[in-house]
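Let's take a walk through a protein fold together, one step at a time. Keep the picture in view as you read.

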Amino acid sequence: MSTVIELTRPRPHVAHVWLNRPDVRNAFNDEVITTLSDTFAALARDPDLRVVVLGAHGKAFCAGADLNWMKTMAGFNWDQNRADAQRLADMLKLLDDCPVPVVGRIQGDCYAGGMGLAAICDVVVATRGVTFCLSEARLGLLPATISPYVIRALGAQASRRYMTTAERFSAERAHALGMVHELVEPEALDSTVAGIVDALVANGPQAVRACKQLVRDVAGAPLDDALRAETARRIADIRASEEGREGVQSFLGKRSPNWITPA
């Protein structure tokens, strides 16, 4: 069984996925890509899951591509490079499509493909001292497969700069640009992540999934009659649902809803 990814379930509704190659700063290789894909595919099928925390063991979150993997790719022809890049692109899409929120726990350097992983997270918590870098251009390459997620997270203008210059930038800068949601001292990382997890688990599980999908569907869509009708339909659907009725009744009755598990 692969050990490059560690999956833990500290609570029934919570999964922690850990990059587990600290000796190589959690760099990507084929095994990491395959195991991450398999792990998230299985989690997506779990109806009881409400949140995933994506973190890494060791001093770095992810240093990008593994050097030995890069040596292998250096000998690839065009078709082999295309197939290899497609596997990474498919893995990132699978993670981005996770039906429940993914909370990124960023505790160390986050470079190249690691930035792609951070960018797919719905909530990103990073410690002061973390350095980000889109380093591909230094090697005569480009961050193509991660670009849809990084541009969405950083914004187009900041992405123009950092993709072309390959400059390192701080967690403080990433926070100012909106990619990092919570910037904390290292000793506060786990408690901050835990607080966000608690907030997510306290909400209606189907409503949280629907909220994540709502943002995906509405962002960038034209505000036309079709969109207004679709959003009205969605709120009507959830108001009439069992969970929606329970949520409103529990609020009016000043009691906890039935999806909250007693501590």
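Six strands make up an open sheet, arranged in the order S1-S2-S3-S4-S6-S9 with mixed pairing. Strand S1 (5–11) and strand S9 (182–184) are at the edges; each has a single partner strand, so one side of each is left without a neighbour in the sheet. From one strand to the next, the twist averages 20°. Keep in mind that this is a predicted model.

How is S9 joined to strand S6? Three bridges link S9 to strand S6 (residues 123–127), and the two run parallel. Within this pairing, Val-125 stands opposite Glu-182 in S9. Now look for helix H8 (residues 189–202), which lies across S1, S2, S3, S4, S6 and S9 and runs at about 175° to S4.

Next, find the open sheet of three strands, in the order S5-S7-S8, where the pairing is again mixed. Here strand S5 (110–111) and strand S8 (168–170) are the edge strands, each with a single partner, so one side of each has no neighbour in the sheet. S5 runs parallel to strand S7 (residues 131–133), and two bridges join them.

Finally, turn to the nonpolar residues. The largest nonpolar core has 53 residues, and Phe-28, Leu-36, Val-52, Leu-117 and Phe-132 touch the most other members. Beyond its neighbours within four places in sequence, Phe-132 is in contact with residues including Ile-106, Tyr-111, Met-115, Phe-169 and Val-180. Another core, of 14 residues, lies apart from the largest one and has Leu-189, Val-193, Ile-196 and Leu-200 among its members.

Definitions and conventions
Residues are numbered from 1 along each chain as its sequence is written. This is a predicted model: local features need pLDDT of at least 70, side-chain atom pairs count only at pLDDT 80 or more; totals for chains, interfaces and linings use all residues. Side-chain values use heavy atoms; hydrogens and water are left out. A nonpolar core is a set of buried Ala, Val, Leu, Ile, Met, Phe, Trp, Tyr and Cys residues joined through side-chain atoms within 4.5 Å. Buried means under 20% relative accessible area, exposed over 50%, partly exposed in between (1.4 Å probe, protein chains only). Contact means heavy atoms within 4.5 Å. Two strands pair if DSSP finds at least two bridges between them. Helices (H or I, at least four residues) and strands (E, at least two) are DSSP runs, numbered from the N terminus. Axes are lines fitted to C-alpha atoms, for helices over the stretch in contact, and angles run from 0 to 180 degrees between N-to-C directions.
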